[in-house]
Every structure is written in structure tokens, then in C-alpha cells.
Amino acid sequence: MRFFATSFLLLVLTACGGGGGDSSSSSSQNANLPSIYLSPNSVSVNVGSGSAENQNTLYVSVTICQPNTTICKTVDNILLDTGSTGLRVFASAVSSLQLNAATFNSAPIIECASFLSGFAWGPVKLADVKMSAEVASSIPIQILDDPGYSSIPSVCGGSQGTQIAGSLKTNGILGISLFVNDSQNYYNCVPTTLNNCRISLSSSLQVQNPVSAFKVDNNGVIVKLPTVGASGASLVTGSLTFGIDTQSNNSSSGSNVIPTDSTGNFTTYFNNTTYTSSFIDSGSNGLFFPSGNLSSVLVPCSSSTVVGFYCPSVTQSYTAALTLKNNVKANVSFSVANAQTLVASGNYAFSNIAGQIGGNLFDWGLPFFYGRSVFIGITGRSSSAGTGPYYAYTN
Amino acid sequence: MPNKNPMPKFVGNFFCILLLSFPIFAKAELGGNLASITQEQKTFGSTLTTSPQSTYTIYIQNISPDLVIKEYVSNSGNIFGVAWKGSTLPNFQVLLGNYYSNYLSAQQKNPRLVFLRDDNLDLESGGMMGGYIGRAYLPKQIPAGVSPTAIQ
């Protein structure tokens with residue numbers, strides 16, 4: 001139990017210890033959670049122990065190929081993250097492939113991407129990215145922990161141990177957000193100062209959302225996960241479906257549509273407070289919101305192993321309102337249980353785990369996805385639900 | 001080559017001390033002063049605008065490609081708060097100055113929800129890639145009559 005509890009505080013985008021590696025070499029029970037082909041535009045996804053052995057981590061498999069060849073590697077245990085953009089994979093997971101560097105003025109492009117949990121430093125390479133029957137051809141992806149780029153510049157965290165590669169225990173991150181490209185910082189040398197050889201890249205040259213580069217079904221995705229009971233589950237299986245209103249299996253009809261601003265935010269009303277910076281993020285392993293005047297009930301967990309999470313003595317039930325199209329409000333019910341007790345159960349999927357965050361942020365993390373189909377509508381792409389960016393959901 | 005003379009060793013140490021005295025990035029920012037903002041602007045290569053209030057001034061930097069940093073400077077010239085919003089996170093080593101270690105510590109404890117609140121420092125960082133948002137301020141140094149909610 002101690003191990004699970006300890007790993008818990010390191011949330012999904014950072015997980016604990018380790019790093020990439022070939023998923024096939026993992027030996028721990030339940031560590032491999034490969035996606036299964038469900039239909040030409042759909043694969044299975046899982047929440048379980050996986051490689052990270054971290055609660056509420058959503059896993060998917062991605063096939064990465066040398067462009068226009070059949071030389072491929074299917075990498076399991078990749079974090080499915082609707083809160084970031086683009087595919088990032090550990091060098092060790094694709095060591096059997098020879099991927100060409102993306103270049104700018106004949107020099108290899110290197111990226112420094114920001115995650116809350118740290119920086120992602122590494123070269124940008126070109127690959128075909130495949131899931132189900134969908135293909136994104138020769139798109140820029142980022143390679144993590146690349147031995148050729150082991151010296152990390154100060155501008156990207158330097159040697160202070162702030163790299164996500166040092167703590168991420170999945171084989172990579174698949175960012176399928178509301179956005180086409182990641183809008184992060186790029187260089188065509190290893191920078192010695194903040195702006196040294198920093199380059200401005202057009203959208204198509206940046207690390208980008210593979211879904212937006214599919215030939216078809218490229219206007220968004222649907223993540224569907226089953227309901228999880230109050231005490232959690234050890235393993236749940238759901239689906240990742242590509243496209244919205246493009247096939248018979250991805251209709252948005254009847255869904256609640258949440259238009260967002262250009263940065264992916266909408267407004268949540270909760271406990272007489274307005275949270276204007278609300279978002280839906282499968283890469284967050286809890287619901288995160290300020291406790292406000294509920295702080296006497298939503299007390300911080302006392303254990304250092306669940307820092308930042310709420311540990312109410314009795315499970316609390318709440319209702320929040322989300323802002324839909326035409327300013328219509330939709331109620332969403334959720335509950336907050338004692339995080340320390342939940343984690344001690346040894347389960348991995350929890351719908352009722354929440355924690356502290358500041359400002360006017362309301363982070364609807366993975367618990368929001370259980371028992372729902374969540375639609376992610378890509379910026380500038382249209383469906384019957386509207387033109388992205390938007391979220392939508394059906395219960 | 002045999003080391004016949006202690007001098008080279010001394011020179012080596014002296015050089016290290018010099019390096020420590022002149023870090024790559026100017027120390028500044030939260031808890032710093034106006035001069036540090038000017039230095040920081042050069043470091044970031046940003047454009048700077050100001051927004052005077054009654055008891056303080058907001059210095060706003062726009063940093064390519066899409067990051068806005070606001071620094072709240074009291075009339076006595078002290079930076080008592082910073083706020084940021086953008087597609088990337090700011091360089092916290094530069095922005096938080098002496099409080100950077102507090103940030104690293106909070107990040108290490110719980111990376112996905114960087115949140116720190118004590119008598120000396122309030123720090124909140126959140127959002128998604130493409131839409132990061134956060135702030136940090138020094139509760140003991142906020143000018144009288146100014147609400148922390150002004151820092152955002």
C-alpha cells in the first residue's frame with residue numbers, strides 16, 4: 001500500500017521514477033494495457049496500474065512508423081492527455097526506428113515544451129502516427145530523453161531535475177487537445193541564453209495533434225469511459241473514437257456542447273463562485289478546484305503521500321453548473337471522498353477524488369470522464385456540434 | 001601534467017566564484033525592484049507596457065509567441081506580486097527569483113497542482129498547455145488596501 005500511496009501524489013503527467021522503455025519488457029502484473037482495434041476509427045483505452053502504477057492514468061497504444069514505410073513500432077502505455085497537444089515519446093520506446101529530424105535552416109529543431117509538472121526537452125522528428133485505421137503522415141513529434149540531447153539548457157530547466165522525462169512513467173504522452181499545434185518554444189541549436197536560436201515555426205512545423213492530421217475523422221475525438229463506483233475499480237476499459245459526426249459511431253446528437261474561448265476555457269458555477277478558467281483534462285487525475293468556504297469540510301489530506309488532495313471525513317456530494325451553448329447551464333453532480341482512504345484500497349480508477357487548486361480554475365480531470373462520452377472539438381474544425389474549440393458530453 | 005604550483009587551483013576556484021556571482025539569468029522579480037524588470041525585459045526580449053494604479057503600477061510584458069507576464073510594483077518600488085497567462089509557462093527561475101526554490105519544492109510535492117500558501121508566499125499555477133494561468137504574491141508586502149484578487 002505504501003508504494004501505491006507514495007506514487008499517488010505524483011500525478012499522471014509526472015508519475016514517478018523511471019521513464020520510457022519498451023513496454024514489452026515490463027514484467028509487472030497488469031503492466032501492459034495495449035489498445036484493441038474496435039473499428040476503423042476507434043481503439044480501446046484503459047485505466048489501470050499500467051506502467052506508471054499511478055491512479056487515474058488513461059492509457060492508449062500508438063503505432064509509430066518511419067514515414068511512408070511499414071517499419072513501425074506499436075508503443076503501449078502512452079498517456080492519453082486531452083490537456084496537451086502532440087505526441088511525445090521516449091527515445092528508448094522507438095529505438096528500433098530511424099526517424100529523421102525535422103529541420104529549420106538545415107539545423108535540427110529542438111523543442112522545450114511546458115507542462116505544469118516540468119519541461120519536456122528534446123528533438124522534433126517526423127513520423128507516421130497510426131491508431132485504428134487512421135494515419136497522420138509524416139507529422140512532427142517530440143522525442144523525450146534522447147541521448148543525443150542529454151545536456152539540457154537553463155532556458156528549459158537546466159540540470160535542476162524539472163524534466164517530465166525524469167518522473168513520467170508512461171512511454172509517452174498523446175496530446176489530443178482542442179488545438180492543432182502546441183505553440184511551445186522551439187530552437188535550432190541548444191540555446192545558451194533565453195532567446196538564442198529560438199525560432200518561430202508555422203503551425204504545420206510544430207508538434208501537432210495527430211488527429212488533426214488524419215485524412216478523415218480529423219475534427220475531434222470522443223473519449224468514452226464506463227461508470228466507476230464509490231470505491232473505485234482496479235481496471236476499466238473504454239474507447240477513443242476519432243471524428244465527430246463523420247461516421248455512424250461518432251454522432252454528437254443529444255450531447256451537451258460547451259463552447260470555449262481560444263485557450264480552451266469555459267465557465268463553471270460552483271458553490272456560489274464563478275470559475276472562468278474551467279477546462280476538461282484527461283491528463284489530470286482528479287477534479288481540482290479551490291475549496292473556498294468549504295475548506296472546513298474539504299480539508300487537505302494530512303498524509304504527505306497525498307499532498308494537495310482533499311480528505312473529507314465523510315464523502316461530500318456536490319452539484320456544479322457548466323456553461324453550454326447559448327449560455328444554457330447544465331448541472332453536473334460529483335462527489336469528493338477521502339483521497340487517502342481511496343488510494344489505500346489499491347484500486348486505480350476513482351470518480352470521486354479531488355484536490356486543491358488556486359485562482360478561478362476548475363479542472364475537470366479524469367473523474368469527469370467516468371460514465372460519459374466526452375467530445376473534444378478541434379479548433380477551426382466543424383461538426384454538427386459546432387466549430388471548435390468546444391467540449392461536449394453525453395451522460 | 002604534474003601540478004607543481006598551487007596557483008592553478010586557486011585560479012580555478014576564483015573562476016567558480018565569479019560564475020556563481022554572475023548567473024546566466026539576472027536575479028530579480030518577485031521581491032525585486034524596478035531595475036530588475038528592465039533587466040528581465042532584456043532577458044526575455046519582451047515588450048513592456050505599464051498600467052498605473054493608485055498605490056502600485058502593473059508592468060506588463062508580452063513575450064513571443066504567446067505569454068503575458070504582469071508584475072505588480074508598489075509605489076516604493078517593490079515587486080509584491082506576479083501573474084502570468086499564456087500558451088507556455090514563464091521562466092520561473094527568472095520570474096520568481098529568490099522564491100524559485102519554493103516553486104520547485106511545491107512542484108516536487110505535487111506536480112500537477114502547483115499550489116503553495118503560507119504567511120510569506122502564495123503561489124498558484126494551473127491550466128492546460130495552450131492556456132496556462134497563475135500568480136504568486138508576497139502577502140506581507142502587498143500595499144495597504146490592495147486585495148490579492150487584484151493580482152491576476
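What share of the contacts in chain A with a separation of 6 or more is made by residues 24 or more positions apart? Such pairs account for 70% of these contacts.

## Model and confidence

The structure is a predicted model. Chain A has a mean pLDDT of 91, and 92% of its residues reach 70 or more.

Residues 1–29 of chain A are a separate case: pLDDT stays under 50 over this stretch.

## Overall form of chain A

Chain A contains two helices and 27 strands. Its C-alpha trace spans about 60 × 45 × 40 Å along the principal axes. Of the 395 residues in the chain, 58% are buried.

The radius of gyration of chain A is 20 Å. A compact globule with 395 residues would have a value near 21 Å, so the two agree.

## Two domains

Chain A is divided into domain 1, residues 12–213, and domain 2, residues 247–394. The centres of the two domains, taken over C-alpha atoms, are separated by 25 Å. Where they touch, domain 1 gives 26 residues and domain 2 gives 24 residues.

On the domain 1 side of this contact, strand S2 (42–47) and strand S4 (72–81) are the elements that give two or more residues. The largest share, three residues, comes from S4(A). By class, this side of domain 1 has 11 nonpolar, 14 polar and one charged residues.

## A seven-stranded sheet

Seven strands of chain A form an open sheet with mixed pairing, in the order S21-S20-S17-S18-S23-S19-S22. Strand S21 (329–336) and strand S22 (354–355) stand at the edges. Each of them has a single partner strand, so one side of each is left without a neighbour in the sheet.

Within this sheet, strand S17 (residues 266–270) and S18(A) run antiparallel and are joined by four bridges. Phe266(A) stands opposite Ser278(A), which lies in S18(A). Strands of a sheet pair through backbone hydrogen bonds, either parallel or antiparallel.

Terms used. Residues numbered from 1 in each chain as written. Chains lettered and ligands numbered in written order. Predicted model: local features only at pLDDT ≥ 70, side-chain atom pairs only at ≥ 80, totals over all residues. Domains from an automatic or database assignment. Contact = placed C-beta atoms within 7 Å. Nonpolar A, V, L, I, M, F, W, Y, C, P; charged D, E, K, R; others polar. pLDDT = per-residue confidence, 0-100. Pairing = 2+ DSSP bridges. Rg over C-alpha atoms; globule rule 2.2 N^0.38 Å. Buried ≥ 20, exposed ≤ 12 C-beta atoms within 10 Å, placed from the backbone.
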